[in-house]
Amino acid sequence: MNVKGLENHLKIDAREFETPTLEALNYYIEHYMLTVPFENIDVQNKVKISVAVDDIYDKIVRQNRGGYCYEMNHLFQSYLNKKGFDARIVSATIHTPGGGRSQRGSHVSLLVCIDGVDYVADVGFGDLPIHVMPITSAENTNIIEDKSGTFRAIFQNEQHDSFFVQKWEGNQWHTKYEAGLSGKRIQDFAENIEYNQTNPNSIFVKRLIITMPKSYGRVTMSQNYLTITKGDKKEKTEITAQNYRSILKKYFNLDVTIQRLELK
């Protein structure tokens, strides 16, 4: 991976920080998330996903694209480690509406350890703050306020071997996913990577998902609507074969054909 090339793409000033500090980590994650959209267009177009770092770099930097968790967090982990951080990917399970759970380990999250504290630095989920979340006890939680909402990361048990990522919604905390703390290799997710690309029950196969944070909130595009969220207000625009390319460019800086939208 070309570190300088990635930093140029993300508009990161390499002279800003010389050491791997918390301030530096927040600077890097903010630039990444405000530049690279979460998107599953390749899955929708039946293009095989590669999780080789050089291939992800080519897709995101040279092709000016985004990606989903296996791509985004693996690339960002690689970058952070080259910058001197102790970054590791971990296995996570998404909580679904109604109390359900996705396939175990279907999400790859990213943790960074600084001065003995683990921080969630997940750039591949699609609805998280643009700054890191320290993992704490529920009693001493460190709440992260963001344009996208209010978040926290807390240990799941007294053994501190797993944690929840939660968002404040409807006057209570809702768990977005649970994850372990032990580091994994991207190869450990081979079965889930295949499932999420090809299985008709996979949410990524079923639905188009493109989203990214903005200075004013968040923009999200499905096969049916563009949704602009500003605090509690949502604005919706219908997606058609005639307007989707201009919407992709305007809100996500993407120039790519989506086959299912061409057929609308």
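Predicted model: local features only at pLDDT ≥ 70, side-chain atom pairs only at ≥ 80, totals over all residues.
1. Residues are numbered from 1 along each chain as its sequence is written, and side-chain values use heavy atoms, with hydrogens and water left out.

2. The protein chain has nine helices and 14 strands (DSSP runs, H or I of at least four residues for helices and E of at least two for strands, numbered from the N terminus). Its C-alpha atoms fill a box of roughly 50 × 45 × 35 Å along the principal axes, and 53% of the 264 residues count as buried (under 20% relative accessible area, with a 1.4 Å probe and protein chains only).

3. Helix α2 (residues 22-33) packs with helix α5 (residues 69-82) at an angle of about 145 degrees, the axes being 12 Å apart (lines fitted to C-alpha atoms over the stretch in contact, with angles from 0 to 180 degrees between N-to-C directions). On the α2 side the contact (heavy atoms within 4.5 Å) is made by L25, Y28, I29 and Y32, and on the α5 side by M72, L75, F76, Y79 and L80.

4. T229 lies in strand β13 (residues 225-230) and counts as buried because its relative accessibility is 18%. Leaving aside residues up to four places away in sequence, T229 touches Y216, G217, R218 and K234.

Methods:
Buried < 20%, exposed > 50% of the residue type's maximum accessible area, 1.4 Å probe, protein only.
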